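My notes are kept in the order of looking.

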Amino acid sequence: MTKYSDAMAFLRALGLADDLNSFTSRKRIQKLIYMLKQFRADLKFGYAWYVHGPYSPELTRTLFNPSNVDLASKRDLTKTELQIVNRMRNFLAESLYSVDSLELIVSLIYVIKHGPEEGYNTKQKIIEYLQSQKPQFSAEEIEVAWHKIEKSEIWKNFLTKLRG
Amino acid sequence: MSVAEELFDLKTKHLLKELLQQPSVLFNPHRIAIMVELYCASAIDFPQLKYDLGLTDGALATHLKALANEGLIESKREPVESRVRTGYVITKKGISAVEQMFKILCEIRGGFQR
């Protein structure tokens with residue numbers, strides 16, 4: 001099995017595997033693979049903050065320029081992996097269908113996890129940084145996303161390390 | 001200089017030839033920046049590119065058209081949330097072109113360091 005077949009198995013479960021070429025799908029796929037990794041899916045795509053959010057160039061390379069070996073390999077999700085998909089769906093709820101909401105949640109999680117290394121070590125600093133990077137989102141929208149993340153246990157360790 | 005320190009380097013000539021075979025449309029700082037952003041993100045909308053690159057609508061549209069004409073990117077006009085947005089996606093050819101260009105440049109740089 002390849003990284004391509006692993007990612008495609010998850011995308012099939014999310015109903016996104018048939019449309020890899022649209023602008024909206026590609027934006028969603030970058031964010032959803034990141035979220036699946038947060039929920040412990042064994043997807044080996046590295047993410048880094050590029051200009052305005054977390055992205056995986058490796059995912060671009062793998063999904064949108066697959067090799068013949070990739071195209072020949074196919075697998076289904078295991079029971080555990082299906083549970084991961086369901087947990088992620090429950091967490092995201094209606095945000096699963098909104099590219100903008102997904103972008104905000106994923107970016108916020110990334111800055112909560114990695115921002116302290118760069119000095120963004122309080123909620124206020126993180127929100128200010130995010131507003132500077134994504135002026136299209138209002139303070140209220142960021143606050144709603146923050147509460148959603150705070151309610152989950154997954155990022156509790158990162159949130160408790162923040163000052164203030 | 002000892003024999004071990006010298007090189008009979010035919011590779012650089014080959015690499016320069018390869019570099020000259022790359023799509024010439026790529027060799028412009030704004031177009032490289034657009035391709036790098038698209039390589040990282042897979043898809044970006046017009047306003048975001050405009051904000052990131054600090055270009056006018058006209059200048060950005062000219063660069064995007066040049067890259068699209070070469071088959072390196074595709075433009076998409078799609079409904080997102082409640083409005084229609086113009087976005088761009090990188091093509092297979094675009095992914096290969098970015099990888100090839102940086103591979104050649106890195107190999108040339110490796111030659112400088114020897």
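The entries below go from the chain contact to the domains, then to the sheet and the helices.

**Entry: ground rules.** I am working with a predicted model, in which local features need pLDDT of at least 70, side-chain atom pairs count only at pLDDT 80 or more, and totals for chains, interfaces and linings use all residues. Residues are numbered from 1 along each chain as its sequence is written, while chains are lettered from A and ligands numbered from 1 in the order in which they are written.

**Entry: chain A against chain B.** I looked up the contact and found 19 residues from chain A and 18 residues from chain B; two residues are in contact if their C-beta atoms, placed from the backbone, lie within 7 Å. On the side of chain A that touches chain B, helix 2 (23-38), helix 3 (57-64) and helix 6 (99-114) of chain A each supply at least two residues. Helix 2 of chain A gives the most, with five residues. Helices (H or I, at least four residues) and strands (E, at least two) are DSSP runs, numbered from the N terminus. I sorted this side of chain A by class and got seven nonpolar, eight polar and four charged residues. For the classes, Ala, Val, Leu, Ile, Met, Phe, Trp, Tyr, Cys and Pro count as nonpolar, Asp, Glu, Lys and Arg as charged, and the others, Gly among them, as polar.

**Entry: domains of chain A.** The assignment gives domain 1 (1-92) and domain 2 (98-164) of chain A; such bounds come from an automatic or database domain assignment. I noted 22 Å between the C-alpha centres of domain 1 and domain 2 of chain A. Twelve residues of domain 1 of chain A are in contact with eleven residues of domain 2 of chain A. Helix 2 of chain A provides the largest share of the domain 1 side, seven residues. By class, that side of domain 1 of chain A has five nonpolar, four polar and three charged residues.

**Entry: sheet of chain B.** I found an open sheet of three strands in chain B, in the order 1-3-2 and with antiparallel pairing. Two strands pair if DSSP finds at least two bridges between them. Strand 1 (43-45) and strand 2 (73-80) of chain B are the edge strands, each pairing on one side only. Direction ignored, neighbouring strands of this sheet are turned by 35° against each other on average. Strand 1 of chain B pairs with strand 3 (residues 83-90) of chain B over three bridges, and A43(B) stands opposite V89(B). Strand 2 and strand 3 of chain B pair over eight bridges. In that pairing I noted R77(B) opposite T86(B), and S75(B) with Y88(B) as its bridge partner. The hairpin of strand 2 and strand 3 of chain B has two residues between the strands, and E81(B) takes a positive phi near 55° there.

**Entry: helix 2 of chain B.** How do the axes of helix 2 and helix 3 of chain B cross? The axes of helix 2 (residues 29-41) and helix 3 (residues 46-53) of chain B come within 11 Å and cross at roughly 125°. Axes are lines fitted to C-alpha atoms, for helices over the stretch in contact, and angles run from 0 to 180 degrees between N-to-C directions. H30(B), A33(B), I34(B) and E37(B) in helix 2 of chain B meet L49(B), D52(B) and L53(B) in helix 3 of chain B. These residues divide into four nonpolar, one polar and two charged.

I then took helix 5 (residues 92-113) of chain B, whose axis comes within 10 Å of that of helix 2 of chain B and crosses at roughly 115°. Helix 2 and helix 5 of chain B are therefore roughly perpendicular to each other (65 to 115 degrees). The contact is made by M35(B), L38(B) and Y39(B) of helix 2 of chain B and G94(B), I95(B) and V98(B) of helix 5 of chain B. By class I got five nonpolar, one polar and no charged residues.

Note on methods
Parallel < 35°, antiparallel > 145°, perpendicular 65-115°, else oblique.
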